[in-house]
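The points below can be read alongside the model.

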Amino acid sequence: MASVPSLASSVHARLASALVSALPEAGAADPLLRRSDRADFQANGILALAKKAKANPRELATKVVDGLDAGDLLKEVEVSGPGFLNITVSDKAIIETLAARAADARLGVPLNGSAGTTVIDYAQPNVAKEMHVGHLRSAVIGAAMVEILEFTGEKVVRRHHIGDWGTQFGMLIQYLLEHPHELDHKAADAAGEAAGEEAMSNLNRLYKASRVLFDSDEEFKTRARARVVDLQAGDPETLALWQRFVDESKIYFYSVFDKLDMDIQDVDVVGESGYNDMLVETCELLEESGVAVRSNGALCVFFDEYKGPDGQPTPLIVRKSDGGFGYAATDLSAIRDRVGKLGADTLIYVVDARQSLHFKMVFETARRAGWLTEGTQAVQLAFGTVLGKDGKPFKTREGETVRLVDLLDEAVERAASVVREKAQDLTEQEIAERAAQVGIGAVKYADLSTSAARDYKFDLDQMVSLTGDTSVYLQYAYARIQSILRKAGEAAPVAHPELELAPTERALGLHLDGFGELIAEAASEYAPHKLAAYLYQLASLYTSFYAECPVLKADTTEQVENRLFLCDLTARTLTKGMSLLGIRTPERL
């Protein structure tokens, strides 16, 4: 089905047409329409237009109103102040537009006609290392942007740029070679979370033991360093042992992502090692083109605008003086691959804000080298830090980084208490299922309801609260609607455009109509927090409607059906919006 024009776009079109008729010499003009608390919409564009045409703005506004085609769309248009227009749409137009949305599987949300290919780099844990709270934001924000962009019609390629290469592997591989059973699993049939926990336990133990030996035994240190050379030279035995670390880490990664209710496909995991074959060529191309130059033996790119504390330019080091490659060489090779092979016209990096300078330099270098052309853009979707309740970086009481698994388990535990308290007819298994959906949803929503660039406080008590801006509040609103629909009996959701709407019905209807425009905005600005804000406002408007407008006990059959229609469309919009954020909406809570 074709997309459904929003009420705002329909009003905008009528006003623009009336403006041209009232002042043809000005050509096409923007009425500057926005939502208003004085009416449904306010148009402010006449003031600037009148000034430009040296006309009286109030007289021009009156002329526009006189020439406006109201039809069934507009109920009232009044001139206010020096030349504003306050516009109220008809109840009939609201319900007819919502009925068209309800008839469409996509809720009338249009596909982007100019969609392209976007590669999103997100959820990038490190091999042989535990995932901690710092890994949460990249995973959650990136997954939401994937869903939002795909919903608008964009072709999205996921990339998980895991840290799977580096000198630390010499130490780990050498230790495993000398202690070959350290990564063996005790329980051969362990799967999912249990296998993930055992994998991480093995990796942690091996890492600590190899580190102690590396720091205390000079002969082992020499053998470990020689092993790095073997790894980089592609020695088959060394590579096979390195692959064991990668595979063992993936068992752990996937168990954590599964707990986060995130789908990570192996084909999308392309770590640092995936670009090893391109590194030498990347450096040669940069040097041959003059983009990079030798400085103290290292291959560097310089920028006039980036200087260190001493006033000297801060370079991007592509290759170190000892011949080793810096992160920049890998990141630049990844850009070449993503634009050249994957055909990306947009690259999004969901990476900590503290890496902003690095990515500015990498993007600028890629532009100079011609790998990012006019038709391609690279964006860092930078995120802030997760803070504790005290406003400081989130740590355990012992001052250590919080394990992501522990944090998620505690969220589910807290959610179980909330669900058990509200549950009326749920079994223990259903309570456990709801607790996971509510707890993980709470963690994701707390992250996504904050602008990515801002730090946010991790407060589980607030996150699982049934009141305030939380996912639980939204899930509860959805479950309440499902309860009403179950109790409706033979009464069905049917739109009745002939009915007069109560103020809370109008407010809910107008907000529902803005879903498509909001999705377009969240997609173009890479701003999942705007979708979260929209959904919270939707749940709040529904709560007001529910409090003031009896649904099943409304005065007439038509009114019951129309209010059930509003309930049903609210539920569908909530569950669609929440699913784009990666959050489940249980039918019962």
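1. Gln243 is a residue of helix H9 (residues 236-259); helices (H or I, at least four residues) and strands (E, at least two) are DSSP runs, numbered from the N terminus. With a relative accessible area of 31%, Gln243 is partly exposed. For these labels, buried means under 20% relative accessible area, exposed over 50%, and partly exposed in between (1.4 Å probe, protein chains only). Gln243 and Ile173 are separated by 70 residues in sequence, and their C-alpha atoms are 9.8 Å apart in space.

2. On the basis of the note: this is a predicted model, in which local features need pLDDT of at least 70 and side-chain atom pairs count only at pLDDT 80 or more, while totals for chains, interfaces and linings use all residues. Residues are numbered from 1 along each chain as its sequence is written, and side-chain values use heavy atoms, with hydrogens and water left out.

3. Helix H1 (residues 7-22) has 16 residues, which at 1.5 Å a residue should span 22 Å; its end C-alpha atoms are 22 Å apart, in agreement. The expected span is 1.5 Å times one less than the number of residues. Buried in H1 are Leu7, Ala8, Val11, Leu15, Ala16, Ala18, Leu19 and Ala22. Viewed down the axis of H1, these buried residues fall within an arc of 165°, so they line one face of the helix; the arc is that of the directions from the helix axis to the C-beta atoms.

4. How many residues of E5 are buried? The count is 5 of the 5, so E5 is largely enclosed by the rest of the structure. In a regular strand the side chains alternate between the two faces of the sheet. Thr117, Val119 and Asp121 point one way from E5, whereas Thr118 and Ile120 point the other way. E5 runs parallel to strand E6 (residues 155-159), and 5 bridges join the two; Thr117 stands opposite Lys155 in E6.

5. Phi of Ala123 is near 50°, a positive value in a residue other than glycine. Phi of Ala128 is likewise positive, near 65°. Ala123 counts as buried at 2% relative accessibility, and Ala128 counts as buried at 4%.

6. H5 packs against helix H14 (residues 428-448) at an angle of about 85°, with the axes 10 Å apart. Axes are lines fitted to C-alpha atoms, for helices over the stretch in contact, and angles run from 0 to 180 degrees between N-to-C directions. H5 and H14 are therefore roughly perpendicular to each other (angles under 35 degrees count as roughly parallel, over 145 as roughly antiparallel, 65 to 115 as roughly perpendicular and the rest as oblique). Leu136, Arg137, Val140, Ile141 and Ala144 of H5 make the contact with Val443, Lys444, Asp447 and Leu448 of H14, where contact means heavy atoms within 4.5 Å.

Notes
Two strands pair if DSSP finds at least two bridges between them.
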